[in-house]
Amino acid sequence: LIGEKEPLREVLPPKALQEIPKNLSGLTWNAETGTLFAVTNGPEDVYELSLEGDVLRNVRLRGFKDTEGITHIAGTLFAVVEERRGILSLFHIPSDATEIGHDNATRLDLGLTRKKNKGFEAISYDPATRTLFTMREGKPFVRLAIPLDDRFRPGEIRTSPLPGLRVRDVASIVSDTDGTLWVLSEASSRIVQLDRDGRELRSFRLPIDPKTFQPEGITLGPAGRIVLVGEPNIMAVYEIPGHPEK
């Protein structure tokens, strides 16, 4: 495996974001604005961040519960997953928004989680195939694919088991431009890259202290960089060795 002997290079060491009190969870990169969008799972808020970890604004998610993952789709359209409810919601976050109501979202029931607090935490969007991907936190690991039509309405859910994913949990996922999928495991302190068929390509152990930083969200920024956020309010940036965008 590539990665075990070739560590991630630290670009921004783990940094506390003082404006975010706790429960920093999901993360996504918006290439259109050149900013990050993060979500907390209690209180339920979205924060827009710079790549340096500056908090630019926050938006209250009214009526949402246990928001664990967020992904940017296009323009001002985003999707989030609520872990305990098992709901995926699509909604717009305009540049002047201060609050988003749950009733204003397009919602898709992903199915009830089988174990308490082992529901859907991970979500990512692949613009090349217009597909949302999500996964439950616990085993057995299964990738759910939700195609979006030309008006970004969700279609029928397709499932793909991932029996070769050798981690203890799935905290977050992000689709790469080459069709591969990066998986963040908080319990294993590891990120794993999977090919389109779910086979492991690379694996990296995270150079962090799990006592002070529990990584819960992952996204791919510009120039082959991986950005992580996690509890309580930590952000870090790493460079992927050999990434084509590096």
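Five strands form an open sheet with mixed pairing, in the order S2-S3-S4-S5-S9. Strands here are DSSP runs of E, at least two residues long, numbered from the N terminus. Two strands pair if DSSP finds at least two bridges between them. The model is predicted, so local features need pLDDT of at least 70 and side-chain atom pairs count only at pLDDT 80 or more, while totals for chains, interfaces and linings use all residues. Residues are numbered from 1 along each chain as its sequence is written, and side-chain values use heavy atoms, with hydrogens and water left out.

- Axes are lines fitted to C-alpha atoms, and angles run from 0 to 180 degrees between N-to-C directions.
- Strand S4 (residues 44-49) pairs with strand S5 (residues 55-62) over five bridges, in the antiparallel sense.
- Leu-49 has Val-55 of S5 as its bridge partner.

**Four-stranded sheet**

- Another open sheet holds four strands in the order S15-S16-S17-S18, with antiparallel pairing.
- S15 and strand S18 (200-205) are its edge strands, each pairing on one side only.
- Neighbouring strands of this sheet are turned by 15° against each other on average, direction ignored.
- Five antiparallel bridges join strand S17 (residues 190-194) to S18.
- Arg-190 has an arginine as its bridge partner in S18, namely Arg-205.

**Largest pocket**

- The volume of the largest pocket is about 500 Å³. A pocket is an open set of points on a 1 Å grid over the protein atoms alone, with protein on both sides within 12 Å along at least five of seven lines; lining residues have an atom within 4 Å of a point. Grid points are joined across faces, edges and corners, and a volume is the space filled by probe spheres set on the points.
- The lining has 27 residues; Trp-29, Tyr-125, Pro-127, Ser-175 and Leu-220 are the closest to the centre.
- Two or more lining residues come from each of S2, strand S6 (67-74), strand S11 (120-126), strand S15 (172-175) and strand S19 (214-220).
- S6 gives the most, with five residues.
- By class, the lining holds 14 nonpolar, nine polar and four charged residues. Ala, Val, Leu, Ile, Met, Phe, Trp, Tyr, Cys and Pro count as nonpolar, Asp, Glu, Lys and Arg as charged, and the others, Gly among them, as polar.

**Second largest pocket**

- The second largest pocket has about 220 Å³ of volume.
- Its lining comprises 13 residues, with Asp-126, Phe-133, Arg-143, Gly-179 and Arg-196 nearest the centre.
- Strand S13 (142-147) and strand S14 (158-161) each supply at least two of the lining residues.
- Three lining residues are nonpolar, five are polar and five are charged.

**Cavity**

- There is one cavity of 30 Å³ or more. A cavity is a set of grid points where a 1.4 Å probe fits but cannot get out.
- The largest cavity holds about 30 Å³ of space.
- Its lining consists of Gly-26, Leu-27, Glu-68, Gly-69, Ile-70, Glu-121, Ile-123 and Ser-172.
- The cavity lining divides into three nonpolar, three polar and two charged residues.
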